[in-house]
Structures are given as C-alpha cells and as structure tokens.
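Keep the view open beside you as you read.

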Amino acid sequence: MFQLAVLSTLALGYTSVVNAQAPSVAELVGSLRLAPTVVDRLNLLQDSDLLFNFLEPPSGVTTGSGGHTVAATSGNFPGVVGNGVSMTIGFLGPCGMNTPHTHPRATEINFSLNTTLRGGVLVENGARFIDVEIAPGSATVFPQGAIHFEMNPSCEPAMFVAGFNNEDPGVQQVGQRYFGLPPDIVGAALGGLGVTEIHGLESKIPDNVAYGVDECLQRCGITRGNQPTTQLQPVDAGNSPSGISASPASSTATKPASSQVRPAPSSSAAAPKRPMSRRRRRHL
C-alpha cells in the first residue's frame, strides 16, 4: 500500500511537471502567429494539433434545451491558425433552433446533413428578409455580419456543418446581447417603454441552442418548459440604472430545462382566453 501511494505521488508529480512545461493554447497560438514562415509554423505543431474531434471536443461547446453546437476556432484548434478557416457543427434536437446571431468577422457557408433546415437571414438595413429551406445535401451562405438563424422543423435530430473564412469568426447572439444594453436605452429604442417594463425581460431569453416555434413543439409533442438563461449579458455599472442590479426573475436561470415529451395537445383542449386589454399589454 505504501509503495502504491509513493508511485501515485510520483506519477502525479511527473504529470504536473509535463503540464507545466506544455504551452497553453493561448501561448501556442501566439507563437504560431509570430512564426515567419509556414514551415516554421508547422514545426511548432504536433500531429495531434492538426486534428479536432467534434464528438469529444476539448472546449467550444454551447448547449441549450434544443441541442448544442461545437466550434473549432483558433481558441481551441491551433491547426487553423494562419489558414483563415474555422468550423462549427450544429447538433439540433427536434424543433431545436440556433437562435438569431451574427458572425462579426466571417462569412458562413452552412451545409445540412440529414434534414431540411429552416434558415433566415437579414443582411443589413434596407435588405429584404431571405427565408430558405436547406435540404439535406445542400448549403446556403450567410454574409459576414448578417443576422441569421437555423431551425430544425422536424421531430428527428438534425446536424449541420458551418464553415467560416476566418480562424476567429466570433459570434453574437442577438437577443441575449440586445437586452444586455442599458434598460433605458432598450426602452427608448422600443418606443419609450419604461425601465421597469424592460427590467426582467432579459431573464426570459433562453440559452442557445433553444427550442423553436410552438407549431413544431406541438406537432412533435415537446414541452418547452423552463429553459436555462445563463448566456445573458452580465449586468454591471455600465448597463444597469441606479437601484437595479439584477433581474427579479434571475432565479429561473438555475432551473433545469424540461425535456418531457407528451402527446400533442388537442386544439380544443384549452378554453379560449379573453383578449388582453391594451392597458394590461402595456404594463407586461
């Protein structure tokens, strides 16, 4: 037993030394970007640095109720440095949606593997909205900086491959970031809503990948439930008015997402609701 303990201690010590000597990803990427030639850059890489396993990724995973995405960029895949490319694989569950977002530094080409995805894109002010169906084996283009989304309208899991012409394309979710602006600015941009009317709305924005439209959920017998909301823009002194430091509904962020499956509800199951008065709508 004593010998086993000594051997374990020595092994742990050796592992710590190796880890201390191995450069971090950030250090390696910094060295790669300073390499004067392609050959010099390749000499800094191990063969394993040129491989990325999307099924067992080291990092780059974004998960929500409706599925997850895995991104291979210069932040976790040194092999792309200097090559101007990166890639994301989307694993969308039934009715899963990669919520509206932009890539500030790259154009995306999106390829659907096994289902017909619903895609949409807004390029800029004045441009018309483009709605596309990305059939299996086909691809579409989302220009750099354009707001776009992909949704799986089927009741089966879906996958897509997104290629980028930048090793660090960046991603900005529209909803989570917009409501991270100061509430008085958000309220003014929405026609003059008050701070108290805006405060708390951000807590209803689910993490990406989220569940999609109600029609799909009902058709596939999926309950939306309480989706996690951990990806919201942090509140600090710069984007919070005096006296408001956190969302009153922030406790919902810790509630697990519901994945319960049930039969699609009958259209006659629920009694019709009374129309909401204009005054009530204004104060919700």
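Among contacts in the protein chain between residues at least 6 apart in sequence, what percentage join residues at least 24 apart? The figure is 73%, where a contact means heavy atoms within 4.5 Å.

A word on the model itself: it is predicted, with local features needing pLDDT of at least 70 and side-chain atom pairs counting only at pLDDT 80 or more, while totals for chains, interfaces and linings use all residues. Residues are numbered from 1 along each chain as its sequence is written, and side-chain values use heavy atoms, leaving out hydrogens and water.

**The chain as a whole**

The secondary structure comprises eight helices and twelve strands; these are DSSP runs numbered from the N terminus, with helices being H or I of at least four residues and strands E of at least two. Of the 284 residues, 34% count as buried. Buried here means under 20% relative accessible area, exposed means over 50%, and partly exposed is in between, using a 1.4 Å probe and protein chains only. The accessible surface is about 17,000 Å², and carbon and sulfur atoms account for 59% of that; areas come from the Shrake-Rupley method with a 1.4 Å probe, and for residues only the protein chains shown count as cover.

**The core**

A nonpolar core is a set of buried Ala, Val, Leu, Ile, Met, Phe, Trp, Tyr and Cys residues joined through side-chain atoms within 4.5 Å. The largest one has nine residues, among them Leu92, Leu117, Phe160 and Val209. Its largest share, four residues, is supplied by strand β10 (residues 158-164). Leaving aside residues up to four places away in sequence, Leu92 touches several others, including Leu117, Ala158, Phe160 and Val209.

**The disulfides**

The structure holds two disulfides, each a pair of cysteine sulfur atoms within 2.5 Å.

| Disulfide | S to S distance |
|---|---|
| Cys95 and Cys216 | 2.1 Å |
| Cys155 and Cys220 | 1.9 Å |

Cys155 sits in the loop between β9 (147-151) and β10, and Cys220 in helix α7, so this pair ties together parts 65 residues apart in sequence. Cys155 is partly exposed at 35% relative accessible area, whereas Cys220, at 15%, counts as buried.

The torsion about the S-S bond of Cys95 and Cys216 is about -85°, so that disulfide is left-handed. Cys95 lies in the loop between β3 (86-92) and β4 (96-102), and Cys216 in helix α7 (residues 214-220), 121 residues apart. Both Cys95 and Cys216 are buried. With the bonded cysteines numbered in sequence order, the pairing reads 1-3, 2-4.
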